[in-house]
Amino acid sequence: MKITYVKNYAELSELASRSIIQSVQEKPNLLFCAATGGSPTGMYTQMHQAHVANPSLFSDMRTIKMDEWGIIPSEHPDSCESYLKKHLLGPLEISEDRYFSFDTNLKEYQAECDRVQAYIEQEGPMDICILGLGKNGHIAFNEPGEYLQASFHKAILAESTIQHDPALSQGAEPAFGLCVGMEGILQAKKIIFLITGKGKQEAFKTIMEKKITTHCPASFLWMHPNVECYVDQEAI
């Protein structure tokens, strides 16, 4: 893991965007696994500015959604789908044929998980995977536990993960999400790991111990040969 300490969120966003742009210039049709949340928003804004300056820059880039909340519909303003349309797909003018999505509001979750996993195996490995850090050390919705799941799967979410939106825990079953598994993440050719936001200090401290444990899924990134980790010093 190559760790770069930056002075603030703006610098983190700029450097991460610059790395992505370089990769897209080298491989225009790369497969981009898009995370959501506060961590990558500034980076996506920087990418949009690059798109405005060069409209053809991202014209061949393919995107796959990394994860999605359960219970709330995909058209809900807090869904990952809505976030990506607002911050990435719309601003970069990524057409529907270059975007692979999935739905959490289905009765047959396993069939949907199998469909996404098949796409990853056929079109992957992903060229770039964007990751933020959860307060409990999760990456995507791969939560801490006795074991981690390799393939795309339905994940039961930790309380710390759903705190920002009470609607996520108002369903008839425990709050859940669908997400890329550890295999898909670790097979990505490049991982951009963004550490910023409130309440991440303890998780970051655990990662820096370099002890690989399922109780901190992000610690598995030490096993990957090409991780660019940007650490916002104002947050840590």
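## A charge over a ring

A charge sits over a ring if NZ of Lys or CZ of Arg is within 6 Å of the ring centre and within 35 degrees of the ring normal. By that rule, K65 lies over the face of F102, at 4.6 Å from the ring centre. You can find a second case at K154, which lies over the face of F176, 4.5 Å from the ring centre.

Before going on, a word on what you're looking at: this is a predicted model, where local features need pLDDT of at least 70, side-chain atom pairs count only at pLDDT 80 or more, and totals for chains, interfaces and linings use all residues. Residues are numbered from 1 along each chain as its sequence is written, and side-chain values use heavy atoms, with hydrogens and water left out.

## The parallel sheet

Strands of a sheet pair through backbone hydrogen bonds, either parallel or antiparallel. Here, 7 strands make an open sheet with parallel pairing, in the order β1-β10-β9-β6-β2-β3-β5. (Strands here are DSSP runs of E, at least two residues, and helices are runs of H or I, at least four residues, numbered from the N terminus; two strands pair if DSSP finds at least two bridges between them.) At the edges sit β1 (2-6) and β5 (99-100), each of them pairing on one side only.

Zoom in on β3, residues 62-65: this strand pairs with β5 in the parallel sense over 2 bridges. Which residue of β5 is the bridge partner of T63? That's Y99.

(Contact means heavy atoms within 4.5 Å; axes are lines fitted to C-alpha atoms, for helices over the stretch in contact, and angles run from 0 to 180 degrees between N-to-C directions.)

## The antiparallel sheet

There's also an open sheet of 3 strands, in the order β4-β8-β7, and its pairing is antiparallel. Its edge strands are β4 (67-69) and β7 (153-156), each pairing on one side only. Neighbouring strands of this sheet are turned by 25° against each other on average, direction ignored.

β4 and β8 pair in the antiparallel sense over 3 bridges, and D67 has C179 in β8 as its bridge partner. Helix α4 turns up again here: it lies across β7 and β8, running at about 25° to β8.

## Rings that meet

Rings of Phe, Tyr and Trp (its six-membered ring) pair if their centres lie within 6.5 Å; planes under 30 degrees apart count as stacked, over 60 as edge-to-face and the rest as tilted. The count comes to 6 aromatic pairs. One of them joins Y109 and F176, edge-to-face, at 5.1 Å centre to centre with 70° between the planes. This pair links distant parts of the chain, with Y109 in helix α4 and F176 in strand β8 (residues 176-179), 67 residues apart.

Is F176 buried or exposed? F176 is buried, with a relative accessible area of 1%. (Buried means under 20% relative accessible area, exposed over 50%, partly exposed in between, using a 1.4 Å probe and protein chains only.)

## One face of α7

Helix α7 covers residues 201-208, and its buried residues are A203, F204 and I207. Seen down the axis of α7, these residues fall within an arc of 100°, so they line one face of the helix. (The arc is that of the directions from the helix axis to the C-beta atoms.) An α-helix has 3.6 residues a turn, so residues three or four places apart point the same way. What covers the buried residues of α7 includes β1, β9 (190-195) and β10 (227-232).

Most residues other than glycine have a negative phi, and most peptide bonds are trans. K210 goes against that: its phi is positive, near 60°. K210 lies in the loop between α7 and β10, and at 53% relative accessibility it counts as exposed.

I71 has a positive phi too, near 75°. Look for I71 in the loop between β4 and α3; it is partly exposed, with a relative accessible area of 24%. As for the peptide bonds, the one from G124 to P125 is cis, with omega near 0°. P125 has its place in the loop between α4 and β6 (128-132).
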